[in-house]
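Here is a friendly set of notes to read alongside the model. Keep the structure open and look up each residue as you go.

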Amino acid sequence: MSDKLQRAVSFTIAAGYQLDKQAFDFLNTLSQTEDPVKLMEEVIKKIKNLPQKTLFIQRSFLEEIVEKTLSEMKEEKPSLPISPSPILEAKKIFHAYAKDIDADIKVIEDPTDEICETGSVEEYLEYFQNRFQRIQRFLRRRMDVKDATSISEALKASVNTKVKIIGMVTEKRQRKQRVFLTVEDLEASTTVLVTASTSQEVVKKAHMLLLDQVICINAIKGRNDLLIAEDIIWPDMPKRKPNTASIPVYAALISDLHIGSKMFMREEFSRFVLWLNGKFGNENLKNLASHVKYVVIAGDLVDGVGVYPGQLDDLAITDIYEQYRMVSKFIEQIPDYIELIIIPGNHDASRKALPQPAIPKDYAKPLCEARKVYSLGNPSTVRLHEVELLLYHGRSLDDVVASIPNVNFQTPDKAMKFLLQSRHLAPVYGKKTPIAPEKKDFMIIERPPDIFHAGHVHVIKYDTYRGTLIVNSGSWQKQTEFQKKMGVAPNPGIVPIVNLQTLQVTPINFVTSYA
Ligand code: D5M
Ligand code: ZN
Ligand code: FE
């Protein structure tokens with residue numbers, strides 16, 4: 001029994017009252033979110049004023065009074081506008097399947113302790129060489145790319161012969177149905193012309209190309225060191241059967257809580273936490289909850305401070321340490337048998353450039369004190385049972401959405417699919433997404449993941465691509481004025497639950513109260 005709970009019970013007895021077993025259990029649950037001593041003080045005050053005298057305090061009676069007391073106490077304390085709702089619905093016994101099984105979690109990649117960029121020119125070069133060489137390797141595994149030559153070899157070929165090169169796109173100029181590309185490998189560079197007179201298909205592909213991507217080009221050697229593209233090939237993912245867990249364990253994939261924002265959806269998020277505790281929803285939903293062994297948060301836990309112009313007006317909590325303390329109040333209510341994995345996003349207190357190390361200990365302290373947390377960098381790879389998850393906040397999705405046709409903020413799954421095809425999480429260097437030139441490119445998608453989980457876009461979407469389950473996990477923040485201006489229309493409060501045994505997704509909408 002906690003110290004406070006002990007004191008609450010002693011106080012009750014000293015006042016001449018007894019809590020029966022169920023009432024005690026209820027108080028015990030409540031004490032996770034509320035001060036039980038203060039509550040019992042209020043309850044006893046109220047009991048004394050009642051016309052009928054009672055000695056034993058029963059659960060139903062306690063529930064009724066506590067509910068009244070809490071709403072009165074909340075009215076008195078408007079300074080705590082977004083604290084979690086107390087767990088008031090602890091009647092039925094909830095037996096969690098996930099409680100009886102052992103967690104099976106292995107961190108496969110985490111950049112946190114490997115980050116060492118200093119920003120020198122040499123590092124910048126090393127970074128791009130590393131990117132080129134490693135993506136080239138993926139490309140060369142393809143049957144249709146194997147025989148690619150260096151750019152300088154291709155330039156030696158006679159006019160009108162077929163050539164095949166691998167290179168990084170360093171420039172792209174579009175003129176109606178023509179696209180001019182500058183493509184470089186480690187020794188040479190060349191101009192590639194893409195024209196509709198070759199094929200419409202290849203022009204479409206050229207429109208999709210992002211700067212700094214590494215791709216293969218099939219071409220015809222033209223005059224004056226010009227290559228005329230016939231096809232563009234991305235490294236892509238091998239077609240494969242995903243790994244699955246041998247038992248029915250589930251993971252709840254979430255992101256973008258934005259705690260501290262006035263738009264943070266406290267009620268809905270509290271419902272999600274209640275649901276994890278088996279205290280929300282019908283039997284069907286409770287059955288789903290009972291299988292949840294992992295909660296993964298893909299960044300933007302807090303809204304942060306000074307992240308976008310005019311943010312201060314949108315903040316309910318203006319101190320970032322306070323924001324993390326509020327996060328800890330929520331996550332401490334997640335049952336102990338559930339493992340929690342977090343990575344930072346662009347609103348968190350990590351450095352902004354990718355890869356981001358784990359949220360600094362200074363800020364994450366209240367979280368780690370509240371419960372066990374796997375706090376990793378962005379991006380990271382973890383294995384849950386047999387299933388590999390690539391976790392990435394998703395900042396570069398902004399660049400993908402802005403650059404390629406037929407992909408927008410409402411279709412983050414398509415943008416994520418494009419990243420998989422590119423085998424890179426943040427292809428464009430020097431646009432909206434800041435990238436630190438580390439010696440090793442941490443943003444390369446080295447291992448084909450079974451699940452690719454990102455957030456950032458605030459729109460829940462999922463799909464499967466070549467055996468990988470793509471999930472964008474939406475958000476817990478209503479549309480801000482800033483997002484309205486940017487044309488971002490979020491659909492917050494819906495959680496994709498993934499059955500790791502089948503990789504099936506069940507979205508649960510916590511905006512609906514299911515009352
Ligand atoms: O990002 C939430 C959403 O808002 C996401 O879809 C990107 C979009 N967003 C954020 N900042 C910008 C800017 N500067 N321009 C355009 N769109 C933006 P979040 O990371 O939660 O703020
Ligand atoms: Zn966000
Ligand atoms: Fe974000």
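1. Let's begin with the inside. Please remember that this is a predicted model. Its largest nonpolar core has 66 residues. Those with the most contacts inside this core are Ile166, Leu181, Val192, Val194, Ile217, Tyr392 and Phe452. Helix H5, residues 121–140, gives the most to the core, with 6 residues. As background, nonpolar side chains in soluble globular proteins tend to be buried together.

2. Now for the metals. Which residues coordinate the zinc ion (ligand 2)? They are Asp256 (OD), His258 (NE2), Asp300 (OD) and His458 (NE2), at 2.0 to 2.3 Å. Along the sequence, these donors are spaced D-x1-H-x41-D-x157-H. The pair Asp256 and His458 links distant parts of the chain, 202 residues apart. Asp256 is in the loop between strand S9 (250–254) and helix H8 (266–276), while His458 is in the loop between strand S15 (451–454) and strand S16 (460–465). Both of these residues are buried.

3. The iron ion (ligand 3) has its own set of donors: Asp300 (OD), Asn346 (OD1), His393 (NE2) and His456 (ND1), at 2.2 to 2.3 Å. Their spacing in sequence is D-x45-N-x46-H-x62-H. Asp300 lies in the loop between strand S10 (292–298) and helix H10 (320–331) and His456 in the loop between S15 and S16, so this pair ties together parts that are 156 residues apart in sequence.

4. Is Asp300 buried or exposed? Asp300 counts as buried because its relative accessibility is 1%, and the cut-off for buried is under 20%. His456, at 12%, also counts as buried.

5. Next, have a look at Ser475, in the loop between strand S17 (468–473) and helix H14 (481–486). With 1% relative accessibility, Ser475 counts as buried. Its side chain reaches the backbone nitrogen of Gln477 at 3.4 Å.

6. Ser158 counts as partly exposed, at 47% relative accessibility. From C-alpha to C-alpha, Ser158 and Arg223 are 8.9 Å apart in space, and they are 65 residues apart in sequence.

7. Finally, some backbone details to check. Most residues other than glycine have a negative phi, and most peptide bonds are trans. A cis peptide bond joins Leu354 and Pro355, with omega about -5 degrees, and another joins Asn378 and Pro379, with omega about 5 degrees. Asn406 is not a glycine, yet has a positive phi of about 65 degrees; at 68% relative accessibility, Asn406 counts as exposed. Arg466, in the loop between S16 and S17, is not a glycine either and has a positive phi of about 50 degrees.

Note on methods:
Residues are numbered from 1 along each chain as its sequence is written. Chains are lettered from A and ligands numbered from 1 in the order in which they are written. This is a predicted model: local features need pLDDT of at least 70, side-chain atom pairs count only at pLDDT 80 or more; totals for chains, interfaces and linings use all residues. Side-chain values use heavy atoms; hydrogens and water are left out. A nonpolar core is a set of buried Ala, Val, Leu, Ile, Met, Phe, Trp, Tyr and Cys residues joined through side-chain atoms within 4.5 Å. Buried means under 20% relative accessible area, exposed over 50%, partly exposed in between (1.4 Å probe, protein chains only). Helices (H or I, at least four residues) and strands (E, at least two) are DSSP runs, numbered from the N terminus. A polar contact is a pair of N or O atoms within 3.5 Å; within protein, one must be able to donate a hydrogen and the other to accept it, and residues adjacent in sequence count only if both atoms are side-chain atoms. Donors are N, O and S atoms within 2.8 Å of the metal (3.2 Å for Na, K and Ca); water is not among the atoms, so sites may look incomplete.
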